[in-house]
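Here's a friendly walk through one protein model, a feature at a time. Keep the picture open while you read.

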Amino acid sequence: MKKIYLAALVGSLGMMSYGLSFGWPSPSLPLLLQDDSPVQLTLQEAAWVTSFHAFGAIVGSVLCTCIVNVIGRKWTLLFTAAPATIGWLMVAFAASVLELYIGRFLCGSSIGFGYVAVMMYTGEISPASIRGTLTLVLVVSVKIGILIEWTIGPFLCTKDLALLSLCLPVLFVVTAVWLPESPYHLMRRGRHQEAIESLAQLRGATDVSEEAGIIERSVKMDLANDTGLWELLSVSGNRKALTVVVTLILIQQWSGSSAILSYAELIFNATDNDFEGKYVTMIMGAVQAACAILAASIVDRFARRTLLMISTFGTFVSTMLVGSFFFLQQNETNVSGIVWLPAAGAILYIIMYALGLAGLPFTMMSEVFPTNVKALGSTIAMFFSNCSVFVITLSYQSIAQQYGVYASFWMFSVVSLSGFAFVYLYVPETKGKTLQEVQDQLHGRKFT
């Protein structure tokens with residue numbers, strides 16, 4: 001079993017590098033908006049710099065489905081380091097807005113490839129008893145990457161921050177090249193013996209014939225119905241899996257996470273608080289990382305549905321509080337006695353978000369799709385995720401300027417409350433079930 005934890009650790013390095021890319025705008029945009037910036041941006045250009053990252057992720061997630069079943073999960077992961085490396089170099093040495101756009105696009109495309117591949121890989125190599133924990137460890141790594149960027153970013157110029165961020169993709173390649181390929185992928189490609197050897201490495205055992213047989217039967221059953229998009233949409237169990245994952249992903253993004261992560265420092269500066277926004281952002285980043293670690297430690301102890309319902313209701317309350325502050329501020333109400341409310345609300349949001357919405361949609365993405373449509377289903381989910389990030393990060397500043405910051409946060413509240421109802425009414429429980437048992441549940445079959 002040590003090999004599984006090692007593989008999860010290596011995957012975490014990749015996810016941490018994605019976190020650096022997510023966290024870059026918050027400390028960097030205030031510098032790029034200053035008059036003495038080497039590439040001075042307007043507010044609209046800053047929004048595009050942030051959004052081009054999401055646009056790259058959209059393209060990367062779509063292209064991932066074309067290669068992940070051909071070259072495998074492992075080599076797809078290794079490939080993600082190439083656009084990330086080029087992207088960070090372009091950001092570091094950018095002399096124009098266009099170069100920033102291209103650099104951010106390339107960093108985003110790396111995430112588009114990586115998120116799909118690493119969740120598939122981790123879900124396929126993990127036993128049911130620890131699958132939730134390991135997939136959430138990946139989410140923890142993203143939060144740690146964001147924390148690193150938020151902590152050191154305010155004290156570095158944009159060039160030095162980008163060059164420092166470049167180190168993790170390089171380290172990831174050096175370590176990931178030694179990973180075994182997913183036994184599910186090897187079985188899918190007809191490489192039976194290699195699949196058994198990979199499984200034996202991951203389990204640290206010589207006799208894995210029983211589990212290998214289960215994997216082989218599951219893969220054969222899935223591939224017998226391998227008709228791509230039609231199979232995904234026409235089969236009721238697959239359609240329910242897609243509905244659950246895509247809706248959870250949309251709730252995750254439209255609950256406000258993208259806006260808060262991308263514009264945290266600018267949001268806190270808008271409160272006119274004497275406490276600088278960058279320090280509030282650092283505290284929020286530390287809380288986010290700590291809560292993500294807590295969530296990873298409890299995810300396989302509590303029901304997925306319970307955690308998701310707590311999370312969605314908590315994000316509803318927190319964004320409602322933040323929105324209320326900015327509503328009062330915009331209507332010239334004296335808010336001097338509650339200037340702490342946006343920071344408290346944002347930290348509450350981070351805590352509640354980390355308990356469920358931050359990671360469980362990705363955990364379920366690795367659990368609910370059968371092998372024959374897993375790549376396609378995951379890609380569609382990530383496509384919706386990245387499209388949402390693109391729209392939110394591009395439009396947030398415009399909405400905040402035209403209607404007020406409160407309008408955005410109250411919209412996030414409505415989404416979170418709707419998410420609570422959706423989880424209660426529709427989301428199945430997958431905790432502690434093997435991938436085959438999850439399929440039996442979705443398709444209405446009795447467990448065997």
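## A helix tucked inside

In helix α21, the buried residues are Leu435, Gln436, Val438, Gln439, Asp440 and Leu442. Buried here means under 20% relative accessible area, while exposed is over 50% and partly exposed is in between (1.4 Å probe, protein chains only). The helices (H or I, at least four residues) are DSSP runs numbered from the N terminus, and strands (E, at least two) are DSSP runs too. Since six of the eight residues of α21 (residues 435–442) are buried, the helix is largely enclosed by the rest of the structure. Just after α21, Gly444 takes a positive phi of about 75°.

Keep in mind that this is a predicted model, where local features need pLDDT of at least 70, side-chain atom pairs count only at pLDDT 80 or more, and totals for chains, interfaces and linings use all residues. Residues are numbered from 1 along each chain as its sequence is written, and side-chain values use heavy atoms, with hydrogens and water left out.

Helix α2 (residues 25–32) is mostly covered as well, with seven of its eight residues buried. Those are Pro25, Ser26, Pro27, Ser28, Leu29, Pro30 and Leu32.

## The largest pocket

How much space lies in the largest pocket? About 410 Å³. Of the 21 residues that line this pocket, Tyr184, Ile214, Thr434, Leu435 and Gln436 are the closest to its centre.

Which helix gives the largest share of the lining? That's α12, with six residues. At least two lining residues each come from α6, α7 (128–152), α12 (209–223) and α21.

A word on how this works: on a 1 Å grid over the protein atoms alone, a pocket is an open set of points with protein on both sides within 12 Å along at least five of seven lines, whereas a cavity is a set where a 1.4 Å probe fits but cannot get out; lining residues have an atom within 4 Å of a point. Grid points are joined across faces, edges and corners, and the volume is the space filled by probe spheres set on them.

## Three salt bridges

The structure holds three salt bridges, each being a side-chain nitrogen of Lys or Arg within 4 Å of a carboxyl oxygen of Asp or Glu. Side chains of opposite charge can pair when their charged atoms come close. Take Arg73 and Glu124, whose side chains meet at 2.8 Å, N to O. This pair links distant parts of the chain, with Arg73 in helix α4 and Glu124 in helix α6, 51 residues apart. Is Arg73 buried or exposed? Arg73 is buried, because its relative accessible area is 0%, and Glu124 counts as buried too, at 2%.

Glu367 pairs up with Arg304, and their closest N and O atoms are 2.7 Å apart. Again distant parts of the chain are linked: Glu367 sits in helix α18 (residues 360–368) and Arg304 in helix α16 (residues 304–330), 63 residues apart. Both of these residues are buried. Then there's Arg191 with Glu194, where the closest N and O atoms are 2.9 Å apart. Here Arg191 is partly exposed at 36%, and Glu194 is partly exposed at 37%.

Val70, Ile71, Trp75, Val177 and Trp178 make a nonpolar patch of about 540 Å². Patch residues have over 30% relative accessible area and no salt bridge; nonpolar side chains (Val, Leu, Ile, Met, Phe, Trp, Tyr) are joined within 5 Å, and like charges within 9 Å. The areas come from the Shrake-Rupley method with a 1.4 Å probe, and for residues only the protein chains shown count as cover.

Trp75 is in helix α4 (residues 73–79) and is partly exposed, at 45%. Trp178 is in the loop between α9 (167–176) and α10 (183–188), and is exposed, at 68%. Not counting residues up to four places away in sequence, Trp178 touches Lys3 and Lys74, where contact means heavy atoms within 4.5 Å.

## A buried serine

Ser110 belongs to helix α6 (residues 97–125) and is buried, with a relative accessible area of 2%. Leaving aside neighbours within four places in sequence, Ser110 is in contact with Tyr18, Thr80, Pro83 and Ala84.
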